[in-house]
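Colleague: Before I use the labels attached to this model, could we go through them one at a time, with each value set against the definition behind it?

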Amino acid sequence: MPNTQTDSLLIRLKLQFLRFWDSDLCWRFRHAPVIILSFVIAAGMILSAVFASWIAPYNPFDLASFDLANAFLPPAWEEGGSREFLLGTDDQGRDMLSAILYGLRVSLEIGLSSVFISVVLGISLGLLSGYVGGVTDAVIMRFCDVMLSFPAILLALLIDGVIRVVLPEGTHDEASYAVLIFAISLSGWVKYARTVRGSTLAEKKREYVQAAQVFGVSSLRIMFTHILPNVLGPILVLVTVQIATAIITEATLSFLGVGVPPTTPSLGTLIRIGNEFLFSGEWWITIFPGLTLIVFVLTINLLGDWLRDALNPKLQGQS
Amino acid sequence: MQAEAKTQQSVLVRVQNIGKYFDVSAPLLNRLIERKPKTILKAVDGVSFEIRRGETLSLVGESGCGKSTTARMLVGLHKPTFGRVEINGLDMATVKGKDAKELHNKIQMIFQDPYASLNPRWSVGRIIAEPIIAQKVLTDKKEIQDRIDSVLWLVNMSPEDKFRYPHQFSGGQRQRISIARSIAIHPEFIVCDEPTSALDVSVQAQVLNLMQNLQKEIGLTYLFISHNLSVVHHISDRVGVMYLGRLVELADKKILFNYPLHPYTQLLLDAIPDIRSVGKPRKKIQGEVPNPLEPPAGCTFHPRCPYAKDICRKVNPEMRKVENMGSIVEVACHAVGNWRK
Amino acid sequence: MTEKNPLVEVKNLRVEIPTRKELLIALDNVNLEIYPGEILGVVGESGAGKSMTGNAIIGLLDHPAHVSAGEIWLDGKRVDNLSEKQRSEMRGKIVGAIFQDPLTSLNPLFTVGEQLVETIVTHRSLSEKEAREEAIELLKKTGIPAAEKRIDDYPHQFSGGMRQRVVIALALAGEPKLVIADEPTTALDVSIQAQIIDLLKTLCKEKGTAVMLVSHDLGVIAEASDRVAIMYAGRLVEIGETKAIIHSPLHPYTSGLMGAIPKIGEDAEFLTQIPGHMPRLNEVPKGCAFHPRCPLADEKCIGERPQMEFVNNVMVACWKSRSEEIAKYRTQPYFIRKELADAGRS
């Protein structure tokens, strides 16, 4: 006897997927080679970062796994390089390839978590502000203005500095991830709040919202089930761009020395470390992490840009 | 006492002198610098009427007359600045708890724009189920699906349509989905805000026929808002004409259309393009609706009125009952019964 | 109707819109003529192609819609194959346009006077001073009080009805031979509609300007136009003198439309309902486009597309137009519910 519950669920999912595949968005995607390439590269990088522990030849975070004797080896194709260390090693003897993979993972972890928090915070406050209006709106918007007047890096430094003082010695390293994520998300949420607020103000006047109000649907339900799905479009675009920004912010902070602890280096840390050796000839220590960062951010930005144009209803053809 | 109770019972909606003022003043700083007073828009300025069970009352008028705002006050989208709205004997402003729930159950609304009144991301089934779920009228999933199927059938659509999305339907079909949604919880009173104004003529005919049939089949009372007098003539039992936030005439349909008393009603009727008057010129009409922010003093219609006298420029007439062709009509005009018989 | 040569000749016009999924045929073999000084009403429901026809004549088709076949002749010259530059020279001088929304038809950054003077100077050989006097005259003619002062006002300082008058003045400023008015009164209040229609009629008769009045409102068309063209699914189904068509429509669709309009003075309980809806451009049936909804349809209607024929002084595209069935066919008001239809009741 076929199980009608799961069957109908599968059928519905299949229909949803086909509907999506056939949509304008997917069609444009399939016909934009640059975007497909960007998507493949970005996805490839993300996947290799996720599966870093399985892919990387060494674990650069394990202090026992590297040997100072292997320090400053150039990439494999150069003179003096070895197959064991494809992209060379750094000043501590860590394999660059592994370091980059793990570093990318750290960067992604921090980048994605902070974006996630930013999004949740920003959307909630934006919805509230736009829908409820009045004093709530004014207060939240002034709060946004205040937050915007601080540059992100400065804010992160500030928060980090405060936490350093507050927390007892020794626990700082463990807390640094959380602090970093907190700092970066705090500097990023305002964009979402503003965007969502604008869209909410427009959607609020539309008749399907008024209809729901007539039926006695609670404001909370209206905000999250009616308005939210319809204002999500621009958010998607912001998110892709923000991921790149978050990673760069983290890299900057790590570069400045207030990011992740040096035992678990992110891309930024690697760039910083390598920077000192750039002019003494060991270019690979900073160039490869730098290239990785550039390529990743570039592909994400390209995708975000394309998404914004593709989702813009004015540029779409007749449906 | 008995007779009074009976007529009381048959009145479903009683609106007593409601008004809605909007504060559209410039921001505080601008006002202080330019020394401007607060600007108040009197969208609705004292309107009273009753709607009896099973009848269709239409409110008709041009832009700025306040008919949409009145409609929205009746369903709770706007809170009246003053006045009282009573539905089924319950005062909308003070009702609480179980009674409030009862009230919500009884009133529904249909909107003008068939494209904006349905959430584009929800399936039709979910759209129709929303009022049922929001007011917990039914909780069993199967019962809800059955209810959705039955209202879709009532509006001449098929049960399979509940899996589709609004953009897959035409304007007329979307309006029917709107109607299906509004009858899903078996209300008694439906406020219709220009439901056919955005529809083509042949589609409008379908929707109007449907609404009339439903009224008979499931016993509905309608408040019908429109600027289209022909539609209003077709569908209503009684008609109220509004101008700049007030009612100027309220009468049975036949009496109003054949023996209009208020000069504005006459002007409106003269202005309707009639397809049978091919080539015949219409009467010249004077003026335009004045800016609702600066209504004329006295009777707001006096600048356009051919019968205006001194008193019209000073005193805004109240609605009073007069006899017209054997029926009681309410009209707000100094001239009627005085210098115009 | 007259011996004069037509001002506008549309011959076998076909407008196609290629989308990524399919090819939509917005106008399919449309033939019509507009004579100098007459008002031709073009009636149809949304998607029927009435605005598309007007846009094709002016040359303002929205890309990717384009004229794929047929010819458009204006004042003795062929215009559909002109370059954009030649087309824009023609606009204002030969063809003027009035669109539905007076707010977006006028440039909010320039005064009304500036816009009028610019048009007059461009298309008529007058100096700026003369043009300004002419502009004031035009505003006076369109019934704008205190024209000498109002000419220096900006569009937003006018009310909706006044703005539409300015748009009319602007359309007539270049003294065009043809004005295409696309739903000029739809956005206006009823009492103003009457004034605007009256104005359009008077001015155009005075100057001998031909008007193509596009509207979905048959009442407005009945009052203002001399002849009327009924469009359905991108095709012309009936065209002729307005009086004749309104009193005795030959095409079943026109009949249905007449019956669907509520009329004051009639007391039918229900309105005539044409079952179904007008097909979308990608699902136009073979044969007669109206046959799925037509109570008189037979095999010929399903298989062959009817051609325009001259019947009783009117051009109509219907296989049944000469038959007796049309004479017997009266659209009754009815309401269909499936089971009622099954039970044979109506």
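Colleague: Where in chain C is the place of C:Asn313?

Modeller: C:Asn313 sits in the loop between β11 (309-311) and β12 of chain C, where helices (H or I, at least four residues) and strands (E, at least two) are DSSP runs, numbered from the N terminus. This is a predicted model, in which local features need pLDDT of at least 70 and side-chain atom pairs count only at pLDDT 80 or more, while totals for chains, interfaces and linings use all residues. Residues are numbered from 1 along each chain as its sequence is written, and chains are lettered from A and ligands numbered from 1 in the order in which they are written.

Colleague: Why does C:Asn313 count as exposed, and why does C:Glu175 count as partly exposed?

Modeller: A residue is buried if 20 or more other C-beta atoms, placed from the backbone, lie within 10 Å of its own, exposed if 12 or fewer, and partly exposed in between. C:Asn313 has 11 C-beta neighbours inside 10 Å and therefore counts as exposed, whereas C:Glu175 has 17 and therefore counts as partly exposed. Neither is a glycine, yet the phi of C:Asn313 is positive, about 75°, and that of C:Glu175 is positive, about 50°. C:Glu175 is found in the loop between α7 and β7 (178-182) of chain C.

Colleague: Why are the buried residues of α5(C) said to line one face of the helix?

Modeller: The buried residues of α5(C) are C:Ala131, C:Ala135, C:Leu138 and C:Leu139. Seen down the axis, they fall within an arc of 95°, and so they line one face of the helix; the arc is that of the directions from the helix axis to the C-beta atoms. On the other side of α5(C), C:Lys129 and C:Glu137 are exposed. The buried residues pack against α4 (112-123), α6 (147-150) and α7 (160-173) of chain C.

Colleague: How do you know that the span of helix α5 of chain C agrees with what it should be?

Modeller: The expected span is 1.5 Å times one less than the number of residues. The 14 residues of α5 (residues 128-141) of chain C should therefore span 20 Å, and the end C-alpha atoms are 20 Å apart, which agrees. After α5(C) comes C:Gly143, with a positive phi near 80°.

Colleague: What makes strand β10 of chain C mostly covered, and with which strands does β10(C) pair?

Modeller: Six of the seven residues of β10 (residues 235-241) of chain C are buried. Two strands pair if DSSP finds at least two bridges between them. β9 (residues 227-232) of chain C pairs with β10(C) in the antiparallel sense over six bridges, and C:Ile230 stands opposite C:Glu238 in β10(C). β10(C) is also joined by two bridges to β12 (residues 314-316) of chain C, again running antiparallel, with C:Ile239 opposite C:Met315 in β12(C). β9(C) and β10(C) form a hairpin with two residues between them, and C:Ala233 in the turn has a positive phi of about 50°.

Colleague: How many residues of chain C are in contact with chain B?

Modeller: 36 residues of chain C are in contact with 37 residues of chain B, two residues being in contact if their C-beta atoms, placed from the backbone, lie within 7 Å. On the side of chain C that touches chain B, α8(C) gives the most, with six residues.
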